[in-house]
Amino acid sequence: MSQSIDAKDSFNAELTAVVVIMKAALRYDQRQLRVYCDNYGLIQLWREQRNDSCLSEIRRLAASLGRFSLHPIPRQHNQPAHRLAVAATRSATIVPHRHKLPEHQEELK
């Protein structure tokens with residue numbers, strides 16, 4: 001999966017990536033989704049269940065899924081995805097995902 005993410009910072013890049021993943025899950029009729037994220041600000045906002053406008057689309061999509069959860073992952077265990085996010089915030093080009101998942105994430109496939 002690849003998509004251009006026109007975000008100015010890592011929070012918005014991560015937010016956009018979560019929305020893209022949720023839409024893909026729904027498009028393929030998946031009703032359970034567990035997302036790992038290294039942006040602790042996003043995870044904290046999600047867990048506090050605040051009515052923050054930046055989370056409105058995630059909340060709307062989560063309501064369409066039978067089960068959705070957002071979990072923290074330490075950045076040192078998420079380096080390939082972190083590098084892609086950084087590249088996406090610096091460029092409007094499409095960044096293809098060609099990295100192998102770390103061992104602990106392979107189990108989730």
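Hi everyone, let me open with burial: of the 109 residues in the protein chain, 34% are buried. Please keep in mind throughout that this is a predicted model.

Now the overall layout. The protein chain has 5 helices and 2 strands. Reading from the N terminus, the order of these elements is α-β-α-α-β-α-α. As for contacts with a separation of 6 or more, 69% of them join residues 24 or more positions apart.

Let's turn to the core. The largest nonpolar core contains 20 residues. Inside that core, the residues with the most contacts are Val 18, Met 22, Leu 33, Leu 42, Ile 58, Phe 68 and Leu 70. Who contributes at least two residues each? Helix 1, strand 1 (32-37), helix 2 (40-48), helix 3 and strand 2 (67-72) do. And which element gives the largest share of this core? Helix 1 does, with 6 residues.

In general, two packed helices are described by the angle between their axes and the distance between the axes. Let's take its partners one at a time.

First, helix 3. Helix 1 covers residues 10-27 and helix 3 covers residues 56-64; their axes are 10 Å apart and the packing angle is about 20 degrees. An angle under 35 degrees counts as roughly parallel, so helix 1 is roughly parallel to helix 3. The crossing of helix 1 past helix 3 is left-handed. On the helix 1 side, the contact is made by Leu 15, Val 18, Val 19, Met 22, Lys 23 and Leu 26; on the helix 3 side, by Glu 57, Ile 58, Leu 61, Ala 62 and Ser 64. Sorted by class, that contact has 8 nonpolar, 1 polar and 2 charged residues.

If you have the structure open, click on Ile 58. Beyond its neighbours within four places in sequence, Ile 58 contacts Leu 15, Val 18, Val 19 and Met 22, along with Trp 46 and Phe 68.

Next, helix 2. Here the axes of helix 1 and helix 2 come within 9 Å, crossing at roughly 60 degrees. That angle makes helix 1 oblique to helix 2. Helix 1 brings Phe 11, Glu 14, Leu 15 and Val 18 to this contact, and helix 2 brings Gly 41, Leu 42 and Leu 45. The class breakdown for helix 1 with helix 2 is 5 nonpolar, 1 polar and 1 charged residues.

Leaving out residues up to four places away in sequence, Glu 14 touches Cys 37, Asp 38, Asn 39 and Leu 42.

Last stop: Gln 30, which sits in the loop between helix 1 and strand 1. With a relative accessibility of 44%, Gln 30 counts as partly exposed. Not counting residues up to four places away in sequence, Gln 30 touches Ala 25 and Leu 65. Gln 30 and Arg 67 are 37 residues apart along the chain, and their C-alpha atoms are separated by 9.6 Å.

Definitions and conventions
Residues are numbered from 1 along each chain as its sequence is written. This is a predicted model: local features need pLDDT of at least 70, side-chain atom pairs count only at pLDDT 80 or more; totals for chains, interfaces and linings use all residues. Side-chain values use heavy atoms; hydrogens and water are left out. Axes are lines fitted to C-alpha atoms, for helices over the stretch in contact, and angles run from 0 to 180 degrees between N-to-C directions. Helices (H or I, at least four residues) and strands (E, at least two) are DSSP runs, numbered from the N terminus. Angles under 35 degrees count as roughly parallel, over 145 as roughly antiparallel, 65 to 115 as roughly perpendicular and the rest as oblique. A crossing is left-handed if the near helix is turned anticlockwise from the far one by less than a right angle, and right-handed if clockwise. Contact means heavy atoms within 4.5 Å. Ala, Val, Leu, Ile, Met, Phe, Trp, Tyr, Cys and Pro count as nonpolar, Asp, Glu, Lys and Arg as charged, and the others, Gly among them, as polar. A nonpolar core is a set of buried Ala, Val, Leu, Ile, Met, Phe, Trp, Tyr and Cys residues joined through side-chain atoms within 4.5 Å. Buried means under 20% relative accessible area, exposed over 50%, partly exposed in between (1.4 Å probe, protein chains only).
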